[in-house]
Amino acid sequence: MLVTVDLSSAGFLTTTERLRLHSWLLGPGQPTEVIDCFPEENGDFTLIVDDRADTHISSADGRLYLGWFPDGRPGAEGEGWVLAVTGTATVPGYRVVFDPHTPAGLVAATVSAVLATARRQ
């Protein structure tokens, strides 16, 4: 029995242009991109820089926390940024961790998205 195979659709088709390397956002950037997401004028957030030069930001109600650990968080591996929101009695909170080399612009976008969901009760 003779079997034929259509090779025109085998594998994947591409061009040399599509195989060229892309330029991706790399490097930690400036942490001020993230810190500037917090509105200073409304007094809802407290900023503390400790003796290790780690930065801690918390909401006035204590439910949102952001930590920036330029040399990594002590006792944790790969934690440069830690964003945590405390849950309620019925809904669990969450924690988002970025390594120290994550571009600040990506962290800022995440922080901005979280801040946009905040509502006074």
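These legends accompany an overview and several close-up views of a predicted model of a protein chain.

**Figure 1. Overview of the protein chain, with its three helices and five strands.** Followed along the sequence, the elements are arranged in the pattern α-α-β-β-β-β-β-α. Of the 121 residues in the chain, 25% are buried, and the accessible surface amounts to about 9,000 Å², with carbon and sulfur atoms contributing 57% of that area. When contacts between residues at least 6 apart in sequence are considered, 34% of them join residues at least 24 apart. The salt bridges in the model number five, and some of them are taken up in the views that follow.

**Figure 2. Close-up of the salt bridge between R120 and D44.** The side chains of these two residues meet with an N to O distance of 2.7 Å. The pair ties together distant parts of the chain, since R120 belongs to the segment after α3 (104-116), whereas D44 lies in the loop between α2 (32-35) and β1 (45-49), the two residues being 76 residues apart. R120 has a relative accessible area of 71% and is therefore classed as exposed, while D44, at 22% relative accessibility, counts as partly exposed.

**Figure 3. Close-up of the salt bridge between E79 and R73.** In this pair the closest N and O atoms are 2.3 Å apart. E79 is buried, its relative accessible area being 12%, whereas R73 is partly exposed at 30% relative accessibility.

**Figure 4. Close-up of the salt bridge between R95 and E79.** Here the closest N and O atoms are separated by 3.1 Å. This pair also links distant parts of the chain, with R95 in strand β5 (residues 94-98) and E79 in the loop between β3 (64-68) and β4 (81-85), 16 residues apart. R95 is partly exposed, with a relative accessible area of 47%, a value that does not reach the exposed class because that class requires over 50%.

**Figure 5. Close-up of the network formed by R73, E79 and R95.** Salt bridges with shared partners join these three residues into one network. E79 pairs with R73 at 2.3 Å between the closest N and O atoms, and E79 also pairs with R95, for which the corresponding distance is 3.1 Å.

Methods
Residues numbered from 1 in each chain as written. Predicted model: local features only at pLDDT ≥ 70, side-chain atom pairs only at ≥ 80, totals over all residues. Heavy atoms only, no water. Salt bridge = Lys/Arg side-chain N within 4 Å of Asp/Glu carboxyl O. Helix = DSSP H or I, 4+ residues; strand = E, 2+ residues; numbered from the N terminus. Buried < 20%, exposed > 50% of the residue type's maximum accessible area, 1.4 Å probe, protein only. Contact = heavy atoms within 4.5 Å. Areas by Shrake-Rupley, 256 points an atom, 1.4 Å probe, with all protein chains shown as cover.
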